[in-house]
Amino acid sequence: MAAYLTNRVLMSSLMFFVMTGSLNAQVADIKAICGKAKNQSFCTSYMKSNPKTSGADLQTLANITFGSAQTSASEGFRKIQSLVKTATNPTMKKAYTSCVQHYKSAISSLNDAKQSLASGDGKGLNIKVSAAMEGPSTCEQDMADFKGDPSAVKNSGDFQNICGIVLVISNMM
């Protein structure tokens, strides 16, 4: 009987602490986040287009947005990789190959940033996502210089905007 009561008290206490902890998570202020984003209209559209962002706390919103940044980087990488395979002009092939390397670097930086995100290290997340943004930005400049396929840089703009949102969120963590 005493063991039963002890288990009940223990379970009740555990439930109390779990519920109290979940109540401490505050809903992220999306309007404030988008107000600080470099591209505010993109941020607002992005947040409205993803139903998971509504009512999300800051950590959840960081995870959602970071996941989108990873997806965008991977899509850009695949797109440019396909352009390398189909390029017939040696100069363009070299430019696309360089872009593939830039995207590999960005993906690597994002993989490094996962640990900062998981631990709630906003400063570390900011530094690593900022580093990830450099590769696609350089690729975009290269494509402008070499008059490359415009579809190669469309993804870069989205990637930059999504990462910009992650940076704002990281500063709030």
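Okay, let's start with Asn155: not counting residues up to four places away in sequence, Asn155 touches Ser72, Glu75, Gly76 and Tyr103. Keep in mind that this is a predicted model. Asn155 sits in helix 7, residues 151-172, and its side chain reaches the backbone oxygen of Ser72 at 3.3 Å. Is Asn155 buried or exposed? Buried, because its relative accessible area is 12%, and the cut-off for buried is under 20%.

Now the greasy part. The largest nonpolar core has 30 residues, and Ile33, Met47, Val129 and Phe159 touch the most other members. Helices 2, 3, 4, 5, 6 and 7 each give two or more residues to this core, with helix 7 giving the most, 8 residues. Take Val129: leaving out residues up to four places away in sequence, Val129 touches Phe66, Leu110, Ala113, Cys163, Val166 and Leu167. Apart from that core lies another, of 14 residues, including Ile80 and Val100.

One joins Cys34 to Cys43, S to S 2.1 Å. The torsion about its S-S bond is about -75°, so this disulfide is left-handed. Cys34 is buried at 5% relative accessibility, and Cys43 is buried at 0%.

The other joins Cys99 to Cys139, also with S to S 2.1 Å. Here the torsion is about 105°, so the disulfide is right-handed. This pair links distant parts of the chain, helix 5 with Cys99 and helix 6 with Cys139, 40 residues apart. Cys99 is buried at 0% and Cys139 at 1%.

Notes
Residues numbered from 1 in each chain as written. Predicted model: local features only at pLDDT ≥ 70, side-chain atom pairs only at ≥ 80, totals over all residues. Heavy atoms only, no water. Helix = DSSP H or I, 4+ residues; strand = E, 2+ residues; numbered from the N terminus. Buried < 20%, exposed > 50% of the residue type's maximum accessible area, 1.4 Å probe, protein only. Polar contact = N/O pair within 3.5 Å; in protein donor to acceptor, adjacent residues only side chain to side chain. Contact = heavy atoms within 4.5 Å. Core = buried A, V, L, I, M, F, W, Y, C linked by side-chain atoms within 4.5 Å. Disulfide = S-S within 2.5 Å.
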